[in-house]
Amino acid sequence: MKKDDIKNILKALFDEPLSSKDLLVDREKEIDSLNMVCSFQPAGIYGVCGETGVGKTTVLNFIKPDEGERIYLKLTEKQSKEIIIADMLYKLAAEVKKSKATELLKIAKQAIDFVVEERSETSSLGAAGGVFVTGNLSKSTTRTKKFNIYQAYELFDKLLEALLRKYNKVVLLIDELDKEKKEEVLVILDSLKAVFGKNGLVVILSLPFAIYREYVRDRLRWNESGNLENILKDTFFIEPLDDEQIQQMISKRLIAYPDYFDGDALYEIARYSDGNPRDALWISQQIVQSNLDNERITGQIARETIKKIVKRYFGSSWELTDLQKKVLRIVADHQGSRNNIVKELEKRNVKRQTAYTYINRLKEDGLIIERDEKLMVSGKIFYLISS
């Protein structure tokens, strides 16, 4: 295939959040729901949850409030709660600096100077120290300065209040919190609850999938409220795509090359991806780069290429026992409920309790996936154990 065509195909399959609805697949419902929140809800903190790579940032990109000011923050500094909050404050102030309003500019400059000074002073003090020498012995001491989180909250509060005075309604989108551990995110949300609890302020955050599960459990409790219910007004779960939608996603991106992947190749890509767009795009690029001389990728080429790639990348990561392989093959051949899988294993002389134990362990390790109360083998493992 021509070099320019390969470049164009790889560019089309590049994994990045979408900004054009032409390439969007089955996210309209979530986008519409979140836009309704922005339009009709007077205030509140809302979560967008889902697996990494499922498309949370893309959904955030399409949130366009009918009124008020939309502010998007992408977090990058994540070593601790204090640093994450400092990063939020700095990014918010940097966005506010784009405004020409004198009051906003003054507070934004205050916030930026505060974060820069606090971070640089904390770092330099942490690295500094004195050395005391006595005879042949020396001791070094290190002074550290704790980040002034209370002043950060105060500046955060002043910035948001000033924004609300100017715009009446503010929609604050905060991305990348989903990469943090659930427990750390909960601490951050709890500490910012008072700052974000302002009439006219709608805050939407990308959150870890585990928070969605906990939020649902909190909502289902009778006669008591869980902690998350006191913080979040609602959460929106971004479902993985089904196989047909993954194929549609790849086809839309390769509209200029409609025959490059045949239908069977698209099926193999979808099977590998487990409904995750990021995984589908990654394996598609790997297939292209492994078959540069092919004008067209058939199902057979895709399948054999995926098996080689999986073995190269993941083969050494999992040393499976014979019993683990047996369980995985049964799940791959008989996708269904946990009880049905256990019955199939019992037919092959695996004790009932052992079957349940192995299924649970393999599920915890991510080798078995459970969706809609059905067990299935993850795409990577499917190609690793298939002959």
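Me: What is the mean pLDDT of the chain, and how many of its residues reach 70 or more?
Reply: This is a predicted model, with a mean pLDDT of 88 over the chain and 90% of the residues at 70 or more. Residues 127-144 are another matter: their pLDDT is below 50, though the stretch has 21 contacts in the model beyond near neighbours in sequence. Where pLDDT is low, the predicted coordinates should not be read in detail.

Me: On to the rings. What makes Phe156 and Phe196 an aromatic pair, and why edge-to-face?
Reply: Their centres are 5.8 Å apart, and the limit for pairing is 6.5 Å. The planes stand at 90 degrees; over 60 counts as edge-to-face, so that's the label. The count for the model comes to six aromatic pairs.

Me: Which parts does the pair Phe156 and Phe196 tie together?
Reply: Phe156 sits in helix α6 (residues 149-167) and Phe196 in helix α7 (residues 182-196), so the pair links parts 40 residues apart in sequence. Both Phe156 and Phe196 are buried.

Me: How do you know whether Phe382 is buried or exposed?
Reply: Buried means under 20% relative accessible area, and Phe382 comes in at 18%, so it counts as buried. Tyr383, at 2%, is buried too.

Me: What makes Arg271 a charge over the ring of Phe382?
Reply: Arg271 lies over the face of Phe382, 3.9 Å from the ring centre, and the distance limit is 6 Å.

Notes
Residues numbered from 1 in each chain as written. Predicted model: local features only at pLDDT ≥ 70, side-chain atom pairs only at ≥ 80, totals over all residues. Heavy atoms only, no water. Phe/Tyr/Trp six-rings, centres within 6.5 Å; stacked < 30°, edge-to-face > 60°. Helix = DSSP H or I, 4+ residues; strand = E, 2+ residues; numbered from the N terminus. Buried < 20%, exposed > 50% of the residue type's maximum accessible area, 1.4 Å probe, protein only. Lys NZ or Arg CZ within 6 Å of the ring centre and 35° of its normal. pLDDT = per-residue confidence, 0-100. Contact = heavy atoms within 4.5 Å.
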